[in-house]
Amino acid sequence: MLTKEVILEDYSDVFDGLGCLPGTYSIEIDKTIKPVQHQPRRVPVAQKAEVKAEIERLLTKGIITKVVEPTDWISSMVVVRKPKKLRVCLDPKDLNKAIKHSKYMMPTIDDILPKVSKAKVFSVLDANYGFWQVKLEEKSSYLTTVWTPFGRYRWLRLPFGISSAPEEFQRRQHDALEGLQGTEVIVDDILVYGQG
C-alpha cells in the first residue's frame, strides 16, 4: 500500500537537502547610490546559542561563508522566529534601494485558473528554502555581507530579503519547468495537475 510514510522512506533523497537551479545570479547595483555599512545589532543572550547554531548550520550547508576582507556593503542581521525553527536573515533595506530589477512578470492565480479549469487531480510541491536554490556569483555575494555577533558572513545563495529575489527565483523556476505539461509555478509553489 502506498502511504505517505512509504513514499518518504523509499524516496527520502528527494525530500532532503537543498536543490540548485542552473547558473548563478548577478545582482546589479546602481553605482550612483553610496554603499552603506550597518553596525551589528544586539542579539538577546537567551537567543545567542540558537543563532550561533543556525549560523553553523548555514556554513555547513554552503549557504554562507565567513568574510574577513573589507566589503563596501554590510547589512544588519535579523532573526526571524518560525514554528520549530529560527531563521537568520539579512536586513538589506539600503542595499535594496540600489538593486536594479529585471522586471520579470509574476503570475497570479487569475493567470493560472483558466489553465486548470478541467483538471481533476492536484498536488502542490513546495521548493524547500526556494531562494537558496539560486547560487550568487562571487562579486554579488560580497554585496550580501551581513554582520552578526559572531563576525561577518556573505551569502553564497540568494538570501531572503533581497528585493529582486522573488522575480529572479520565479524566472528560474519557469525556465526549469518550461514545456512540462501539467505544471504551473507561483513563487516557490509548483502546482502539478492532471485531467485524467
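How many residues does the hairpin use to join β7 to β8? The model looked at here is predicted, with local features needing pLDDT of at least 70 and side-chain atom pairs counting only at pLDDT 80 or more, while totals for chains, interfaces and linings use all residues. Residues are numbered from 1 along each chain as its sequence is written, and side-chain values use heavy atoms, leaving out hydrogens and water.

The hairpin gets from β7 to β8 through two residues. Strands here are DSSP runs of E, at least two residues long, and helices are runs of H or I, at least four long, numbered from the N terminus. Strand β7 (residues 146–148) runs antiparallel to β8, with three bridges between them; one pairs Thr-148 with Gly-151. Strand β2 (residues 64–67) is antiparallel to β8 too, joined by four bridges, and there Thr-65 has Arg-154 as its partner. Strands count as paired if DSSP finds at least two bridges between them. Four of the five residues of β8 are buried, so the strand is largely enclosed by the rest of the structure. Buried means under 20% relative accessible area, exposed over 50%, and partly exposed in between (1.4 Å probe, protein chains only).

Then there's Arg-157, sitting in the loop between β8 (151–155) and α6 (165–177). A polar atom of the Arg-157 side chain lies 3.1 Å from the backbone oxygen of Gly-19.

Over in the loop between β9 (183–186) and β10 (189–194) sits Asp-188, partly exposed with a relative accessible area of 25%. The C-alpha atoms of Asp-188 and Gly-130 are 5.6 Å apart, although 58 residues separate the two along the chain.

Conventions. A polar contact is a pair of N or O atoms within 3.5 Å; within protein, one must be able to donate a hydrogen and the other to accept it, and residues adjacent in sequence count only if both atoms are side-chain atoms.
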